[in-house]
Amino acid sequence: MAKIIVVTSGKGGVGKTTTSASFAAGLAKRGHKTVVIDFDVGLRNLDLIMGCERRVVYDFVNVIQGEATLVQALIKDKRVDTLNILPASQTRDKDALTQEGVEGILEQLKQTHDYIVCDSPAGIETGAIMALHYADEAIVVTNPEVSSVRDSDRILGILAAKSKRALDGLEPVKEHLLVTRYDPSRVDQGQMLSIEDIQELLGISLIGVIPESQSVLQASNAGLPVILDEGSDSGQAYQDFVARFLGEERPMRFLEAERKGFLKRLFGT
Amino acid sequence: MTLLDYLLGRKKKTASVAKERLQIILAREHFDRDGPDFLVAMKKDILDVVGKYVAVDLDRIQVTLDKNGDTEILELNILLPDTHKPSGKVQVLR
C-alpha cells in the first residue's frame, strides 16, 4: 500500500523543497518507487532543485484539467531510476487545484508507487491544505527560530483538524519533526533554540536534524538533491533521516559544535 | 554562555527569551484552538456589552482558563483604549 507523506512547515524558506527533493531521492535510492509532487502552484521550484527544469512539458494542473496524461507529465529522474517528479503549474489561477483532481491523481500514483511525497507551499492557503489533506504522515520542517516554530505549531493544528484522516475519524496523521539549519555552536552560546527546546514546544517526535551547511546552497546551484552529495554533512544528515523514516535506528549526529579552546570558552568569540 | 559571562552575571541569553515567549504564545493559541466552544461566543457577547460603553476590539480581550488544584480559574482581561479616561484593566475573576 502506497504511503502519502506531506513535507510542510507553514513558514516559507525553511527548507521544504530541499527536504522534499532529498527525501524522495533518498527513498528512491533505496529502491522504493517514489514520486515527488510540487504543490506550489504559481511558484514552481522543485524542478530547479531536482535539476529537471528543462524537461518540464506538462504539469500537475494540465493533468487535472485533462490536457495531458499523468504518464506524459511525470519526469523520470536521470540519476535514480525509481524516482519520478510531478512539477507544479506556473498558472496564476489559485483555484487550479481541485480536491477531486488531486484525489484522482494521488489514486493513480498509488497504483505504481510505494511513496508519494507532497512538497507543500508555504502558508495555509489552498495549495498547502491540498498538500496535507490526503497525507498518512507529515514531515514538519522547522528552523530553530521563533516564527518557524510558531508556524509549525499552527500547521500541526491544521493537520489535526483538516486532514482527511482527521475528518474521517481515522488514526491521526503521523507527525515527524525535522529541524533544519541547525547551528550547534550558536545553541551552545545561547543564541539559538536547542533541539530539546523545539521538541518540548512542538511536542512531536524528532526524526532528524540537518545542520546549517554550505553544501545545501551548492547542491541547489547544481540542481542536485543534497542527499546525493554523499560526502557532505547535510547529505549525510538527510540519509540518516530517510533511514529513520524507514524504521532504522540511527543516533542523531551534528548536534555538537566543534570543541573550543579554553580561551575561547572563557571570552567567547 | 562563556565562563566570564556567567561569573559577571551578564544578561539572559536570547534563546531562553525565545523559548519563554513561544511557550506563552503557543499556550494562548492552543487555547483559542482547542478551548471550550462557549468561550469564543462568550468573548463576543462580552465585547458587545463592553462595546456599548467603550470602543474596544476583539484583540484587546483575553480570556484564559487555568486550573489551580481542583478549581478552574476563568480570567478575563479587557484592555481599554488609551483615549478612555479611567484607563487600565477591568478584571473579572471567578
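In which sense do β1(A) and strand β6 (residues 137–142) of chain A pair, and over how many bridges? The two strands pair in the parallel sense, over four bridges. The legends below describe close-up views of a predicted model.

**View 1. The open sheet of chain A has eight strands.** The strand order is β3-β4-β2-β5-β1-β6-β7-β8, and the pairing is mixed. At the edges of this sheet are β3 and β8 (205–211) of chain A, each of which pairs on one side only. Strands of a sheet pair through backbone hydrogen bonds, and the pairing is either parallel or antiparallel.

**View 2. Strand β1 (residues 3–8) of chain A is mostly covered.** Five of the six residues of β1(A) are buried. In the sheet order, β1 stands between β5 and β6. With strand β5 (residues 115–119) of chain A, β1(A) pairs in the parallel sense over five bridges. Within that pairing, A:Ile4 has A:Ile116 of β5(A) as its bridge partner. Towards β6(A), β1(A) is again paired in the parallel sense, over four bridges. Here the bridge partner of A:Ile5 is A:Glu137 in β6(A).

**View 3. Strands β6 and β7 of chain A run parallel.** β6(A) is joined to strand β7 (residues 174–182) of chain A by six bridges. A:Thr142 stands opposite A:Val179 of β7(A).

**View 4. A:Thr82 sits in a loop of chain A.** This loop lies between β3 (75–76) and β4 (83–86). A polar atom of the A:Thr82 side chain is 2.8 Å from the backbone oxygen of A:Ala28. Leaving aside residues up to four places away in sequence, A:Thr82 touches A:Ala28, A:Gly31, A:His32, A:Lys33 and A:Thr34.

**View 5. A helix of chain A packs with a helix of chain B.** Two packed helices are described by the angle between their axes and the distance between the axes. For helix α10 (residues 195–202) of chain A and helix α2 (residues 14–34) of chain B, the angle is about 10° and the axes are 10 Å apart. An angle under 35 degrees counts as roughly parallel, so α10(A) is roughly parallel to α2(B). By class, the contact of α10(A) with α2(B) has three nonpolar, one polar and three charged residues. From α10(A) come A:Asp197, A:Glu200 and A:Leu201. They meet B:Lys19, B:Leu22, B:Gln23 and B:Leu26 of α2(B).

Key:
Residues are numbered from 1 along each chain as its sequence is written. Chains are lettered from A and ligands numbered from 1 in the order in which they are written. This is a predicted model: local features need pLDDT of at least 70, side-chain atom pairs count only at pLDDT 80 or more; totals for chains, interfaces and linings use all residues. Side-chain values use heavy atoms; hydrogens and water are left out. A polar contact is a pair of N or O atoms within 3.5 Å; within protein, one must be able to donate a hydrogen and the other to accept it, and residues adjacent in sequence count only if both atoms are side-chain atoms. Contact means heavy atoms within 4.5 Å. Buried means under 20% relative accessible area, exposed over 50%, partly exposed in between (1.4 Å probe, protein chains only). Two strands pair if DSSP finds at least two bridges between them. Axes are lines fitted to C-alpha atoms, for helices over the stretch in contact, and angles run from 0 to 180 degrees between N-to-C directions. Angles under 35 degrees count as roughly parallel, over 145 as roughly antiparallel, 65 to 115 as roughly perpendicular and the rest as oblique. Ala, Val, Leu, Ile, Met, Phe, Trp, Tyr, Cys and Pro count as nonpolar, Asp, Glu, Lys and Arg as charged, and the others, Gly among them, as polar.
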